[in-house]
Each structure stands twice: as structure tokens, then as C-alpha cells.
Amino acid sequence: MSRGSDTNTGRRRMDQAANLLVRATEALLQASDELELLEQICLIGAEADHRLAWIGYAGPPPGRKVTVMARAGQAVDYLSDIPISWNDDEFGQGPTGIAIRSGQPFVVSDTRSEPIFAPWREKAELYGIRSSVALPVGEGEQRIGALMFYSAQPGMFDAQVVGMLMGVARNLSHGIATLRMRARHQQIAKELAESEQRYRSLVELAPDAIVVHGHGSILFANHAAIHAFGASSWAPLTGRPVLDLVHPDSRGDALERLDSPPPGHILNHYRLLRLDGTAFEAEVLACSISFRGLPARLLVVRDISERTRVQETLLQTAKLATLGEMAAGLVHELSQPLNIIRLAAEGALMLIERDKANQEFQTQQFALIAEQCERTAEIIDDIRIFSRRDTTPIQVFDAALAVRSAIEVLDGQFRPDGIAVHHELPPVPLPVRGRRVQLEQVMLNLLNNAHHALRDSKDSMPADWSGEIFVRAARRDDHVEIVITDNGPGLPESMKTHLFEPFFTTKEAGRGTGLGLSVSHGLITAMKGSLSLRDSPAGASFAISLPLDLDAAGPLPLPALSPALAQAGSGDSHILVVDDEATAAQTLARYLRELGYRVSIAGTGIEAWKLFSEDPADVVITDLRMPAGNGEQLVEKLRDYDPLLPIVIVTGHLGATERVAANLEDDRCAVLKKPVALGQLGELVTVFLQPPT
């Protein structure tokens with residue numbers, strides 16, 4: 001072949017390589033899919049008079065196989081069943097493996113004479129392949145694979161052509177990286193959109209109210225929040241101050257958290273308000289988030305009004321169960337003062353009939369009767385307070401007084417069983433925050449449990465054994481500790497882990513509800529305290545720990561009534577006494593007349609209203625529960641007639657009647673619980689009849 005012919009062939013190869021580079025670059029600029037780009041590059045290579053063009057991707061260790069990703073040309077079947085790798089082995093020593101490992105192009109000028117091409121020579125001959133070039137795609141750790149071109153003529157890939165084709169390989173490498181980056185970006189955007197959609201669906205479909213606020217202003221509220229707070233399109237939540245949804249009782253705590261949001265997820269109990277002003281109890285889980293690029297707080301609000309009602313019902317059930325267990329002892333406690341009253345009264349009557357009762361004796365007997373009535377009243381009042389549903393607000397009270405009250409209620413039940421109660425209570429108040437009656441309930445339950453354990457184990461104890469219960473209350477740094485210990489048989493190890501589970505009881509069937517310790521544990525936990533079983537050398541020992549209210553000055557003593565009445569009233573003052581118990585009404589009337597008042601008596605509400613209409617009274621003393629027109633209706637009529645009329649309500653009933661009486665109580669209406677102290681009643685009448693200052 002002449003030199004001119006060689007020159008023309010070289011120029012033609014360069015033109016083909018340059019054209020291939022230009023067309024490959026255009027394909028890169030227009031590509032939107034990686035596999036489609038690879039196929040386009042191979043097709044362009046085949047159209048540039050190459051017998052075969054293909055692209056292989058390098059597989060990971062340890063196999064390091066090369067996978068054919070795209071191919072084009074007349075010899076595409078050459079690649080069928082050919083093992084190619086980039087390992088340092090027989091099938092990795094070919095042009096493709098060398099180019100991937102070294103990062104440099106590798107040229108085979110003649111497949112018939114190149115030693116490393118031996119494993120593929122026979123098949124290359126079959127498909128008319130005489131020369132090839134392998135070009136690395138990617139650099140360093142980002143090596144992707146290799147781009148291969150095959151020719152039917154030997155020596156077709158000189159340095160200039162290889163330089164052009166390396167440009168194709170480099171551009172392909174950048175193109176693949178760009179497409180992958182674009183695909184990754186699209187995937188992330190898709191995942192982000194899906195994530196946002198899932199988040200929005202979860203938020204919108206969540207059963208709990210979800211509110212987002214920034215700097216105290218509501219930015220977002222889901223459907224559950226709109227429903228929970230009674231919002232609407234004309235009264236939306238967004239844009240409102242979040243404090244508008246907080247009841248005044250909880251506003252101080254909410255303001256503190258708005259000013260200094262605590263880190264992490266915080267769960268709190270709040271009293272919240274609907275837009276119509278109605279209040280409800282809620283659990284609020286709060287955390288900090290970014291909302292529309294700005295810092296915000298996310299609130300998950302759960303209405304727990306129904307749960308609170310169920311818990312209150314459970315507490316009431318447990319209290320009534322405790323009262324049921326105490327019933328026999330309470331009957332004994334009441335029978336003692338009643339027995340003394342009867343003996344004193346009948347003995348005095350007998351001596352009076354025989355004219356043997358002088359004035360001093362009669363005074364002693366009536367003083368004894370009055371003293372025993374006071375004792376009876378205290379027992380009844382304890383039962384009344386303990387048995388009613390507790391709606392008192394959370395306040396500071398003296399834990400030592402609550403412990404003492406519980407011991408006094410049950411002390412009389414222990415003595416008949418030979419059980420002694422020893423207590424060690426401090427002389428100074430132990431102020432804690434909560435509801436006093438609930439701490440008394442816990443104490444009654446623990447004392448009852450100790451009582452039953454000691455009583456039931458008496459037969460198995462030594463003859464000289466006697467049951468003892470030790471109660472100790474003391475201040476320990478920033479908390480109050482109350483410990484109840486008995487000297488009984490203690491508790492088996494197998495039972496200790498289940499003690500505070502609902503409906504678990506150590507008592508025999510029919511005697512225990514299994515609610516006592518579980519409810520007690522819940523009550524103490526609600527007061528931010530703890531109730532636990534302590535290790536004890538003998539018997540069982542329970543410890544109550546409550547946070548001390550360090551800011552409290554201690555409970556204030558109740559104002560005491562003056563020991564003597566003020567100057568008795570004049571006969572011009574008219575008192576109306578209303579009671580269906582004729583004896584009680586006549587006794588009250590006799591006492592008031594003795595003080596100098598004019599007194600009328602009625603046995604029903606209807607009769608009382610008729611008497612009042614004919615002769616209005618200055619003060620009305622009435623029972624609430626009476627037949628033929630009850631006291632509630634009478635009080636309503638009297639208040640309609642004169643809102644400032646003094647009324648003294650006397651009641652011995654629990655539940656709804658007592659709550660009605662408490663609601664009526666104001667500065668012109670007083671409520672006294674039966675049995676009534678005549679001195680207290682007389683003083684109230686005297687105060688009511690004094691002219692307003």
C-alpha cells in the first residue's frame with residue numbers, strides 16, 4: 001500500500017473518530033436516561049464503521065465480573081457466553097480488565113498475535129474482529145467500567161484515534177455521573193414528596209388534635225383539632241394566640257413553657273378551652289419542629305375527659321369497697337357513743353322520776369350526752385367526706401393531719417382484735433399538693449390491709465404475740481415520707497411483683513376487690529409521688545413519698561366559733577323552722593324561743609311556704625329532703641321572694657343533696673350538717689339578724 005493510501009486511511013479514521021466524539025457529545029446533552037445513553041453511544045460507535053461497540057460495568061469484589069450494559073454492531077453475538085472480569089485472573093487479563101484496573105486505555109493492534117487475547121481469539125476470528133481498544137470510564141474510586149470498540153482491520157487504533165475516543169469515554173463518564181446525580185435528585189424529590197404526603201395524611205387523619213404554633217400564634221391545625229376546639233370556617237384556629245385555648249387554671253404553666261420551651265418531647269396535663277368557652281382536660285405532647293423554614297412548636301392534644309371520668313369512677317368504686325370492708329367496725333364505733341347516750345338519758349330520766357336527780361347530776365348527764373353526740377358527728381363526718389365523689393380542687397394540705405385522720409377513723413376497729421397502732425407524727429405541718437381525701441383513702445387502704453393480715457395470721461403466731469402497726473410521717477429533704485409497717489407474716493416473694501396490678505389480691509375469694517393497691521398507686525403517682533413495698537425484717541412495710549410544697553406556708557386553721565352566743569335576740573325576730581322530723585323541729589324551736597325569738601314550725605316545704613307567705617320570717621332554718629314540697633324548692637321560692645333572706649340549710653344526706661346545699665352557700669346562706677350543735681346554730685342566727693355594716 002502506498003504512503004498516500006495510508007495517509008488517506010489515517011485521515012478517514014480521524015474523521016470517523018472526530019465525528020463519533022461530536023455525535024456522542026450531542027447524545028450526552030440530550031440524554032435523560034442512563035441506559036438509553038449507553039445504547040446511543042454504542043449505536044454511534046457501530047455507525048462509525050466499528051465491527052462492535054459495547055459498554056461494560058465493573059462488578060464488585062470478590063467476583064469483579066464485567067456486565068454488558070449496551071452493545072451494537074455486526075458482531076454483537078460475539079459477547080454471548082464470553083466470561084469477562086476485571087480480576088487479576090485469566091479472564092481479567094484481557095483489554096477490558098486491564099483498562100478498568102489501570103485507568104488507562106488498552107489497544108490490541110492484532111487479535112491474532114496479541115498473547116493476552118488468547119482466551120477470546122478463536123471467537124474473535126469467527127466474528128471477523130482483528131483489532132480493539134478498551135477505554136476506562138470513570139476515574140479512581142468512581143471507576144464505572146469500560147467502553148470498547150472493535151474493528152475488522154488490524155492496527156485501526158493509533159494514538160490520535162485513541163485520544164479522540166478517550167474524549168468520548170471521559171464525556172460518557174461525566175454524562176453518567178450527571179444522569180445519576182439527576183436521577184438521585186429526582187428520587188430524593190419523589191421520596192420527599194411521598195414523605196410529605198404521608199406526613200400530611202397522618203396528620204390530617206390522626207385521631208388526636210395536632211396544632212403547630214410559632215411564637216404563640218397558631219400556624220396549622222388538623223381536622224381533629226378543628227373538631228376538638230369547636231372551630232369552623234368562620235371561626236378558624238389559625239392566626240389565634242395559642243393561649244386562647246388554655247384555661248386560666250393552666251395558663252401560668254403554659255406561659256412559662258412558651259417563654260422557655262424545654263428540649264425534647266414533653267408530656268403535660270392541661271385544662272383547655274374550646275372556642276365556645278367550655279373546658280376539658282387534656283394531655284399535651286409538645287416538641288420543637290421547623291415549619292415552613294421557621295422554628296415552631298408542634299402540640300399533640302388528646303382529650304382525656306372521658307378517661308378522667310372513668311378513673312374517678314374507679315376511685316369511687318375502690319373507696320366504697322373500702323367502706324364496705326370497714327362497715328362492721330364503723331357500726332361498732334357508732335354503737336359506742338349511742339349506747340352511752342341511751343344509758344345516760346334513761347338513767348337521768350329514772351332518777352328525775354324518783355326526784356333523786358339534783359341540778360349538778362342533770363348537768364353532768366346532759367354534758368355527757370352532748371359530748372357523745374359530738375363524737376358521733378365526727379364519725380359520720382369522716383364517712384361523709386370519704387364516701388362522696390371527690391370534686392375538690394387540688395390544693396396544699398397537711399399530710400400529717402390526713403394520716404392522723406385516717407388512723408382515728410380505724411383505731412376503734414383495731415382494738416377489739418387486740419391490734420395496737422403506734423404513730424409518730426411531727427408537730428409541724430407537712431405541706432403537700434393534691435387532694436387530702438385521696439391521701440386519706442390510700443392510708444385507709446394500707447391500714448386496712450395491715451389489719452386484715454394481722455388478724456388472719458393470729459392463729460399461726462406464738463401465744464404471746466400481739467399485732468402491731470407502726471405509722472411514721474417525717475420530712476426528708478424536699479419530700480414527705482410516710483411509712484406503714486406491721487409485724488405480721490409479710491408477703492411471699494411471688495406476690496411482690498404483682499401487688500400494684502389491678503384486681504390482684506392476696507385475700508381469699510369474696511373478701512378483696514383487688515383494686516385497693518392499684519388505685520392507691522395511681523393516686524400517689526398523680527400527686528407526683530411514689531408508693532412502694534419496702535424490705536422489712538418482719539411483716540410488710542409500705543412507703544409513700546410525696547414532694548414537699550416548699551412554697552406553702554402550711555394550711556390555715558379553720559375559724560373557730562365563739563364559745564358563747566352574742567346577746568340574745570328580741571321577740572320581734574321571727575324564725576321559721578322547717579323539718580319533717582317533728583321532734584327535731586320542736587327541740588330547735590324550744591331552744592330558739594329560750595333565746596328570745598318568735599318561732600314558727602312547718603313539717604313540709606308546702607306548709608312552710610304557706611306560713612311564710614302569711615307571716616314572713618327574718619331567718620329560715622330548713623332541711624333539704626322532705627316530702628310534700630322539698631327543701632330545694634322552698635329555698636328557690638324564698639330566694640325569688642327575697643335574695644337577701646338569711647337561710648340556714650340543715651342536711652344529713654350525701655351526694656346530690658349535699659352538692660346542692662354547697663352551691664347555695666353564700667354570705668346570706670349557711671349549710672350545717674346533722675347532727676347540729678345548738679350553740680353553732682344559735683350563733684349563726686344571731687349573726688344573720690345583725691344589721692349589715
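This is a predicted model: local features need pLDDT of at least 70, side-chain atom pairs count only at pLDDT 80 or more; totals for chains, interfaces and linings use all residues.

User: Where do D303 and R274 lie?

Analyst: D303 is in strand 10 (residues 294-303), while R274 is in the loop between strand 8 (266-273) and strand 9 (279-291). They are 29 residues apart in sequence, so the pair ties those parts together.

User: How many salt bridges does the count come to?

Analyst: The count comes to 16 salt bridges. One of them is R12 with D49, where the closest N and O atoms are 3.8 Å apart. That pair links distant parts of the chain, 37 residues apart: R12 belongs to helix 1 (residues 3-30), and D49 to the loop between helix 2 (34-47) and strand 1 (52-58).

User: Is D49 buried or exposed?

Analyst: Exposed, at 52% relative accessibility. R12 is partly exposed, with a relative accessible area of 39%.

User: Which residues are linked in a network of salt bridges?

Analyst: That would be R472, R476, E481 and R534. Within it, the side chains of E481 and R476 meet at 3.5 Å, N to O.

User: And is E481 buried or exposed?

Analyst: E481 is buried, with a relative accessible area of 11%. R476 counts as partly exposed, at 33%.

User: Switching to aromatics. How many aromatic pairs are there?

Analyst: Seven aromatic pairs by the count. Take W609 and F612: their ring centres are 6.0 Å apart and the planes sit at 15°, so the pair is stacked.

User: Why does 15° make it stacked?

Analyst: Because planes under 30 degrees apart count as stacked, and the W609 and F612 planes are at 15°.

User: How are W609 and F612 placed along the helix?

Analyst: They are three residues apart in helix 15 (residues 605-614), so about one helical turn separates them. In general, an α-helix has 3.6 residues a turn, so residues three or four places apart point the same way.

User: What about their accessibility?

Analyst: W609 is partly exposed, with a relative accessible area of 24%, whereas F612 is buried, at 2%.

User: How many bridges join strand 18 to strand 19?

Analyst: Five, and strand 18 (residues 574-578) runs parallel to strand 19. I575 stands opposite V599 in strand 19.

User: Last one: what does helix 11 look like?

Analyst: Helix 11 (residues 436-456) has 21 residues and spans 30 Å from first C-alpha to last, close to the 30 Å expected at 1.5 Å a residue. Helix 11 is also mostly covered, with 16 of its 21 residues buried.

How values were computed:
Residues are numbered from 1 along each chain as its sequence is written. Side-chain values use heavy atoms; hydrogens and water are left out. Rings of Phe, Tyr and Trp (its six-membered ring) pair if their centres lie within 6.5 Å; planes under 30 degrees apart count as stacked, over 60 as edge-to-face and the rest as tilted. Helices (H or I, at least four residues) and strands (E, at least two) are DSSP runs, numbered from the N terminus. Buried means under 20% relative accessible area, exposed over 50%, partly exposed in between (1.4 Å probe, protein chains only). The expected span of a helix is 1.5 Å times one less than its number of residues. A salt bridge is a side-chain nitrogen of Lys or Arg within 4 Å of a carboxyl oxygen of Asp or Glu. Two strands pair if DSSP finds at least two bridges between them.
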